[in-house]
Amino acid sequence: MASKSPPPSPSLLRRIVDLDTAISLRLYTLTHPILPYYFLKTLEISGDGFLFFPLILSLLLYPLTFSTTTETTNNIFLINLLLGGIVDLIVIGSLKHLIRRPRPVYNKNMFLSFSVDHWSFPSGHSSRVSFIATLFYLYSDFVKDILIQLKYDLLVDYLMLIVIGWAATTSLSRILLGRHFMFDVVAGVFLGVLEGMFVFWIFNYVTLT
């Protein structure tokens with residue numbers, strides 16, 4: 001009787017996916033009983049497109065009053081945020097549709113509005129908040145000027161720390177809420193930074209006009 005040949009070893013991609021799944025589950029399991037759900041949920045809402053797009057459109061339609069030069073830069077900054085948000089939707093939606101990685105099985109209490117949101121890779125929240133943080137960094141001098149005019153001088157020195165901290169914790173919350181795997185988030189952050197640079201240097205309002 002011939003002995004059975006050993007099963008083929010999993011591919012490198014399969015091993016990476018299994019490692020990603022195991023680490024993500026471990027992080028979720030360790031922190032789930034500790035971190036308050038409402039805190040993680042607040043971070044999730046803060047990086048959601050349902051908040052981002054209405055907020056940007058509201059600021060464009062009902063702008064704050066600044067000096068003429070600042071107001072012009074303000075419009076450019078907001079329009080670039082809007083353009084980048086649209087780019088992000090297209091990029092992330094396309095990749096999710098092409099790759100179709102299922103979300104973690106322990107993903108709970110998530111309202112899926114679009115069919116593409118059934119898929120996990122890459123993380124749209126992580127790409128969006130990373131894009132926003134990148135654009136804030138590239139426009140940091142302008143944003144600091146806005147804060148000074150609004151009499152928020154104390155925030156000027158901590159601006160990037162606040163924005164980057166928010167982006168980082170919101171991205172991490174995607175794993176801790178069970179919405180995404182670790183590599184989904186890493187890919188989302190990477191894409192968001194690239195989107196911010198792309199919008200600032202190439203696909204921006206000044207260039208298009």
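Rings of Phe, Tyr and Trp (its six-membered ring) pair if their centres lie within 6.5 Å; planes under 30 degrees apart count as stacked, over 60 as edge-to-face and the rest as tilted. With that rule, a search of the whole structure gives 9 aromatic pairs.

Before you start clicking: this is a predicted model, where local features need pLDDT of at least 70, side-chain atom pairs count only at pLDDT 80 or more, and totals for chains, interfaces and linings use all residues. Numbering runs from 1 along each chain as its sequence is written, and side-chain values use heavy atoms, with hydrogens and water left out.

Select Y28 and Y106. Their rings are stacked, 4.4 Å centre to centre with 25 degrees between the planes. Y28 sits in helix α1 (residues 12–31) and Y106 in the loop between α4 (68–99) and α5, so the pair ties together parts 78 residues apart in sequence.

Next, show F77, F136, Y139, F142, F200 and W201, which make up one aromatic cluster.

Now colour helices α5 (residues 124–138) and α9 (residues 182–201), whose axes come within 7 Å and cross at roughly 40 degrees. Helices here are DSSP runs (H or I, at least four residues), and axes are lines fitted to C-alpha atoms over the stretch in contact, with angles from 0 to 180 degrees between N-to-C directions.

Contacts (heavy atoms within 4.5 Å) involve residues including S130, F131 and L135 in α5, and G188, V189 and F200 in α9.

Notes. Helix = DSSP H or I, 4+ residues; strand = E, 2+ residues; numbered from the N terminus.
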